[in-house]
Amino acid sequence: MGVDLRQIVAGILTITMFVMLGQMLHRDYFDAVQEKVEGDIEFHGSKVAVEDGLVRGPWMEDSHVLKPCWSISQSDDSVSSKGYVTFSLTNGPEYHISQITDAVMVAKHLGATLVLPDIRGSKPGDEMNFEDIYDVDKLVKSLDSVVKVVKKLPSHVSLRDIAIVKVPTRVAEDYIKEHIDPIFKSKGNIRVTTYFPSVNLRKTSLDAETDPVSCLAMFGSLELQPGVNDLVESMIQRLKTHSKISGGRFIAIDLRVEILEKKNCHETGAVGSKTCYNAQEIALFLRKLGFDSDTTIYLTQPRWESSLNILKDIFPKTFTKEAIMPADKKPKYLELENSEYENVIDFYISSRSDVFVPAIPGLFYANTVGKRIALGKPQVLVPAEISRPSGLSTDYISPYISKKNHLAYSCFC
């Protein structure tokens with residue numbers, strides 16, 4: 001059977017036409033995203049400058065740093081030692097905050113000695129010492145008037161003498177007296193593991209008089225050890241260097257591809273709201289709020305993925321930690337594949353960025369907001385689908401902040 005040359009040419013022309021059409025659609029899509037925003041955009045009543053038709057922002061200044069409202073009174077049994085409370089820190093820094101709080105609450109109200117925890121990663125055998133990440137002296141000093149802290153269990157205490165006790169996060173004194181105290185009196189020593197009936201940190205009527213010990217443990221006990229803190233600071237400074245046009249300000253986005261792939265990011269009951277957002281949706285959200293293409297963005301994503309390319313197309317200054325970490329630090333903090341170091345870096349950069357955008361709900365979001373409230377950094381924008389050409393940032397401030405219903409508002413004023 002002969003081949004008709006005209007059919008071949010027609011086929012090539014057809015394919016070429018579809019390729020050109022695809023390129024035009026692709027170009028039109030990004031051109032629409034890059035449309036210039038006219039006029040001023042207001043952010044908490046403060047107008048931002050418009051330059052060449054593009055909004056340089058919308059950014060807002062940090063508010064004043066809040067002061068602790070809690071007061072710890074020295075009691076006779078504050079440093080008593082009737083037995084020992086042990087525990088581990090697991091699942092990343094957003095969980096560490098809750099776990100240290102619950103363990104301190106239990107030890108305080110039992111009059112027990114708290115044993116410095118180890119840190120356990122998600123993989124079997126992935127263990128670290130507390131001092132690998134956190135400042136031991138800071139912890140001991142901050143809790144000095146509340147509980148006694150020792151680095152290790154005494155040699156005479158057998159593991160067989162330790163009862164494992166599960167406690168709900170945000171455990172209260174009444175729960176400890178009713179459910180834990182009888183076990184402690186029977187065994188003499190306990191190991192606390194925290195479970196999470198909920199991952200939100202909204203205030204409730206029960207939090208009107210938040211236990212000051214809980215406030216101290218949650219917001220005043222954990223600090224990074226000097227080496228890790230210096231690394232985080234150096235990465236923040238590199239991000240600020242990339243952000244000269246916006247005055248050194250940058251956005252941190254909690255967007256992790258692996259978690260998004262496991263989640264079904266479906267719509268919620270609210271118009272334009274979903275349970276989580278991908279890179280394309282985040283890019284459109286930020287662009288329609290008025291953040292221009294020069295905006296610097298830090299992603300919590302561990303390594304670059306092709307699905308993030310669309311975000312970088314719109315915001316070229318988008319980085320993951322591997323791009324901004326000093327080369328001499330990578331062998332220890334990246335190449336060993338120790339996710340605990342990486343999670344800690346993400347958490348503390350997100351807590352100190354000028355704007356934080358949670359693409360994924362959960363405890364990382366909730367505890368990052370708590371630290372930001374204490375630091376006077378209320379710029380937390382919850383994503384949504386914006387149907388109009390532009391939007392006001394004030395419409396997307398986290399309810400934790402706009403409604404002041406975060407637990408942190410019970411501890412700071």
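In which sense do strand β13 and β16 pair, and over how many bridges? Strand β13, residues 250-254, pairs with β16 in the parallel sense over four bridges. The model is a predicted one, in which local features need pLDDT of at least 70 and side-chain atom pairs count only at pLDDT 80 or more, while totals for chains, interfaces and linings use all residues. Residues are numbered from 1 along each chain as its sequence is written, and side-chain values use heavy atoms, with hydrogens and water left out.

The chain holds 14 helices and 16 strands. Helices (H or I, at least four residues) and strands (E, at least two) are DSSP runs, numbered from the N terminus. Of the 413 residues of the chain, 49% count as buried, where buried means under 20% relative accessible area, exposed means over 50%, and partly exposed lies in between (1.4 Å probe, protein chains only). The chain exposes about 20,300 Å², and carbon and sulfur atoms supply 53% of this area; accessible areas come from the Shrake-Rupley method with a 1.4 Å probe, and for residues only the protein chains shown count as cover. Among the contacts in the chain with a separation of 6 or more, 73% come from residues 24 or more positions apart. Contact means heavy atoms within 4.5 Å.

Strands β15, β14, β13 and β16 form, in that order, an open sheet of four strands with parallel pairing. Two strands pair if DSSP finds at least two bridges between them. The edges are taken by β15 (318-319) and β16 (355-358), each with a single partner strand, so one side of each is left without a neighbour in the sheet. Strands of a sheet pair through backbone hydrogen bonds, either parallel or antiparallel.

Strands β13 and β14 run parallel and are joined by four bridges. Ala 252 stands opposite Tyr 298 in β14. Strand β14 also pairs with β15, in the parallel sense and over two bridges, and Ile 297 has Thr 318 in β15 as its bridge partner. From β14 the chain crosses through helix α9 (residues 309-314) to β15 in a right-handed β-α-β crossover. A crossover is right-handed if, with the strands pointing away from the viewer, the path from the first strand over the helix to the second runs clockwise. In a regular strand the side chains alternate between the two faces of the sheet. Both faces of β14 are covered, with Thr 296 and Tyr 298 buried on one side and Ile 297 and Leu 299 buried on the other.

Ser 351 lies in helix α12. Ser 351 counts as buried because its relative accessibility is 1%. Leaving aside residues up to four places away in sequence, Ser 351 touches Thr 368, Lys 371, Arg 372, Leu 375 and Lys 377.

The largest nonpolar core has 111 residues. A nonpolar core is a set of buried Ala, Val, Leu, Ile, Met, Phe, Trp, Tyr and Cys residues joined through side-chain atoms within 4.5 Å. Ile 253 and Leu 286 are among the residues with the most contacts inside this core. Not counting residues up to four places away in sequence, the residues touched by Ile 253 include Leu 286, Ile 297, Leu 299 and Val 357.

Helix α5 spans residues 212-220. Seven of its nine residues are buried, so α5 is largely enclosed by the rest of the structure. The cover over the buried residues of α5 includes α2 and α3 (136-142). One of these buried residues is Val 213, with a relative accessibility of 6%. Its contacts, not counting residues up to four places away in sequence, are Ile 72, Val 104, Met 105, Lys 108 and Val 146. Val 213 and Asp 102 are 111 residues apart in sequence, and their C-alpha atoms are 9.9 Å apart in space.
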